[in-house]
Structure formats: structure tokens, C-alpha cells
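Reader: I have a chain to go through. Can we take it piece by piece?
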Amino acid sequence: MPNPFTVNGIDWTPILCRIRVEDDQDLPKYPGNLKVALLKHAGLTDHPKADEAYQTAVDIARLTTVSDPEIVYWFSRIAPLMTQAKDERRVTSSTSWFSR
């Protein structure tokens with residue numbers, strides 16, 4: 001098992017461990033729906049910008065290999081920004097009554 005790949009408290013190792021190179025493929029591939037797996041793993045399934053975040057990771061990866069491991073890498077960098085923004089909105093909305 002590879003060293004844990006953790007970004008902002010999310011361990012991406014379980015997804016990376018499932019990625020394999022098959023005989024008929026040039027690049028490593030996730031065995032299933034990578035988008036669904038990433039969104040679920042990051043807890044962003046219901047986030048309104050989840051699809052856009054995944055597509056951004058794919059677009060960035062498209063600049064080089066467009067391999068699934070690279071998509072995981074870029075998504076792991078984008079996901080914390082989305083959860084951080086959600087947390088900041090929650091704090092702002094819960095403290096907004098102080099400013100009245």
C-alpha cells in the first residue's frame with residue numbers, strides 16, 4: 001500500500017489504491033466511475049458546484065496526461081477549497097445577526 005496521500009484531512013489513498021493499468025491500456029484507470037467516487041469520498045455529492053469542480057480537475061489534467069491519478073491529484077487540491085468556502089458561508093450566516 002502506498003504512503004497515505006492526505007490533503008486537508010482527506011486521505012485519497014483508498015481511491016488511488018484502486019487505480020490499475022490493464023494490459024490493453026496505456027494509462028492507469030480507476031475501475032468504475034471516478035467522478036462519483038471522488039465526489040462521494042470528499043463529501044461533495046450534494047454540493048452545487050461539484051460537477052464543475054470535477055470538470056476543472058479533468059481540464060487541468062488534460063494539459064498533460066489526462067490520467068485518472070492526475071485527476072485525483074487535481075481534485076484533491078480543489079475539494080478543500082469547496083468545503084472551506086461552504087464552512088465560511090456557514091460561519092458568516094450564523095454570525096450575521098451580530099451585525100444587526
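Reader: Leaving aside its neighbours within four places in sequence, which residues is valine 7 in contact with?
Author: Valine 7 is in contact with Trp12, Ser76, Arg77 and Pro80, where contact means heavy atoms within 4.5 Å. This is a predicted model, in which local features need pLDDT of at least 70, side-chain atom pairs count only at pLDDT 80 or more, and totals for chains, interfaces and linings use all residues. Residues are numbered from 1 along each chain as its sequence is written, and side-chain values use heavy atoms, with hydrogens and water left out.

Reader: How far apart are valine 7 and proline 80 in sequence and in space?
Author: They are separated by 73 residues in sequence and by 7.8 Å in space, C-alpha to C-alpha.

Reader: Is valine 7 buried or exposed?
Author: Valine 7 counts as buried because its relative accessibility is 10%. Buried means under 20% relative accessible area, exposed over 50%, partly exposed in between (1.4 Å probe, protein chains only).

Reader: Which strand is valine 7 in?
Author: Strand S1, residues 6-7. Strands (E, at least two residues) and helices (H or I, at least four) are DSSP runs, numbered from the N terminus.

Reader: Other topic. Where is serine 67 found?
Author: Serine 67 sits in the loop between helix H3 (50-61) and helix H4 (68-95). Serine 67 is buried, at 8% relative accessible area.
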